[in-house]
Amino acid sequence: MSRLSAPKPTTPTPAPTPTSTSAQVGRRPALDWRIRFGVLSLIWGFSFLLIKVGTQGFAPFQVTFGRLLFGTTVLAAALAVKRERLPRGARTWGHLAVAAFLLNALPFSLFAYAELTIPSTLAGICNATSPLWGMALSLVALSEDRPTRVRVAGLGLGFIGVLTVLGAWQGFHGLDATGTALALLASLSYPIGWIYVRRTLAGSSHSHLSLSGAQLLLATLQLAVITPLFTGIPDGLPVGPLLAIVALGALGTGVAMLLQYGLVAETGPTTAQMVTYFIPVIATVAGVTLLGETLTWSTPVGAAVVLAGAALTQAGPRTALRYRRSEPRT
């Protein structure tokens with residue numbers, strides 16, 4: 001989840017030649033970018049509902065493992081179609097292993113555990129705090145990412161929004177502290193991972209698809225080792241939760257990453273990252289209408305304040321990055 005607040009990639013494009021120009025025209029996407037933008041928003045917004053349904057039949061680690069397995073399958077198919085290879089070099093794979101843990105294995109698992117005790121709507125809103133964490137961390141971890149008054153004000157505004165969502169004036173009454181903390185930690189894991197990637201894999205000569213496929217593969221292997229240590233064999237394979245995990249992996253992880261990269265390439269990172277602000281809205285609507293989750297006035301009001309603060313933290317110039325990890329988002 002994912003995740004669009006990190007510095008965006010700006011890959012230099014060579015001067016077009018008649019051959020390359022015609023090739024670009026021939027490769028024009030069949031669907032308008034606005035349609036793909038809407039589909040991506042829906043996929044990531046519904047991911048929190050799918051996590052909730054998946055945990056009704058399987059352990060959190062099993063949900064995460066299935067999600068990564070099906071997501072990796074989609075990217076492997078894309079690599080095969082485009083005839084691209086996985087990256088080479090032990091150093092690159094070592095950095096990708098860390099990125100896989102911080103950007104996939106850890107946050108996916110934390111969200112799955114969090115939704116055992118908190119509504120999917122709250123998990124979606126907690127996910128929207130990722131840009132706020134990123135802003136706070138960049139002040140100390142990225143010397144070139146200088147703060148501005150507007151961005152600092154956005155950080156403060158977002159913090160107020162979080163307190164509003166959690167009902168701080170009521171002493172956080174009725175709130176499961178553990179589940180909420182896990183969801184917030186999951187959203188914190190994303191910017192930590194982005195900063196790590198920015199310091200270690202920026203300027204990589206490998207394609208985004210190649211690096212993404214390798215990262216998801218490593219995350220899947222990590223969960224393949226961890227899951228048997230903490231969970232047993234499922235008693236059965238309930239259809240609803242199983243289908244939710246398949247959709248979560250194939251659509252919410254695999255297809256979503258492919259859509260995101262296409263949007264960044266066609267419309268630029270500024271437009272593509274706007275999907276971040278639709279995710280909690282869709283997650284809230286899905287949770288309330290399809291799962292019957294309750295909604296108080298503080299939830300949408302606080303979420304709006306969080307999103308406003310997150311938008312302000314993204315104001316100002318951003319440093320270019322050749323390689324950036326996605327996910328979401330969730």
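Biologist: Leaving aside its neighbours within four places in sequence, which residues is S109 in contact with?

Modeller: S109 is in contact with F61, T64, N104 and L223, where contact means heavy atoms within 4.5 Å. Please note that this is a predicted model, in which local features need pLDDT of at least 70 and side-chain atom pairs count only at pLDDT 80 or more, while totals for chains, interfaces and linings use all residues. Residues are numbered from 1 along each chain as its sequence is written, and side-chain values use heavy atoms, with hydrogens and water left out.

Biologist: Why is S109 called buried?

Modeller: Buried means under 20% relative accessible area, exposed means over 50%, and partly exposed lies in between, with a 1.4 Å probe and protein chains only. S109 has 6% relative accessibility and therefore counts as buried. This residue lies in helix α4, residues 90-114.

Biologist: What makes T64 buried?

Modeller: The relative accessibility of T64 is 2%, so T64 counts as buried. T64 is placed in helix α3, residues 60-82. Apart from neighbours within four places in sequence, T64 is in contact with A105, F108, S109, A112 and L223. T64 and A219 are 155 residues apart in sequence, and their C-alpha atoms are 9.7 Å apart in space.

Biologist: How many helices and strands does the protein chain have?

Modeller: The protein chain has 13 helices and 0 strands. Helices (H or I, at least four residues) and strands (E, at least two) are DSSP runs, numbered from the N terminus. Of the 330 residues in the protein chain, buried residues make up 51%.

Biologist: Why is R83 called exposed?

Modeller: R83 has a relative accessible area of 78%, and is therefore exposed. R83 sits in the loop between α3 and α4. Its phi is near 55°, a positive value in a residue other than glycine.

Biologist: Why does G38 count as partly exposed?

Modeller: G38 has 28% relative accessibility, so it counts as partly exposed. G38 belongs to helix α2. Its C-alpha atom is separated by 9.1 Å from that of F278, 240 residues apart along the chain.

Biologist: What makes S207 partly exposed?

Modeller: The relative accessibility of S207 is 27%, and S207 therefore counts as partly exposed. S207 is found in the loop between α8 (177-200) and α9 (208-230). S207 and E84 are 123 residues apart in sequence, with 8.5 Å between their C-alpha atoms.

Biologist: How do you know that the span of α13 agrees with expectation?

Modeller: The expected span of a helix is 1.5 Å times one less than its number of residues. Helix α13 (residues 298-313) has 16 residues and should span 22 Å; its end C-alpha atoms are 22 Å apart, so the two agree.

Biologist: Which residues of α13 are buried, and why are they said to be on the same side?

Modeller: In α13, the buried residues are S298, T299, G302, A303, V306, L307, G309, A310 and T313. They cover an arc of only 165° around the axis, which puts them on the same side of α13. The arc is that of the directions from the helix axis to the C-beta atoms. An α-helix has 3.6 residues a turn, so residues three or four places apart point the same way.

Biologist: What is found in α12, and what covers its buried residues?

Modeller: Helix α12 (residues 279-291) has 13 residues and reaches 17 Å from its first C-alpha to its last, close to the 18 Å expected. I279, P280, I282, A283, T284, A286 and G287 are buried in α12. Their cover includes α2 (33-54), α5 (120-127) and α13. After α12 comes G292, whose phi is positive, near 70°.

Biologist: What makes α5 mostly covered?

Modeller: Of the 8 residues in α5, 8 are buried. Among them are L122, I125 and C126.

Biologist: Which residues line the second largest cavity?

Modeller: The lining consists of L122, I125, C126, T129, V162, V165, L166, L184 and V306. The elements that give two or more residues to it are α5 and α7 (149-166). On a 1 Å grid over the protein atoms alone, a cavity is a set of points where a 1.4 Å probe fits but cannot get out, and lining residues have an atom within 4 Å of a point. The volume of the second largest cavity is about 40 Å³; a volume is the space filled by probe spheres set on the points, which are joined across faces, edges and corners.

Technical notes. 1 Å grid on protein atoms, 1.4 Å probe; cavity = no way out; pocket = protein on both sides within 12 Å on 5 of 7 lines; lining within 4 Å.
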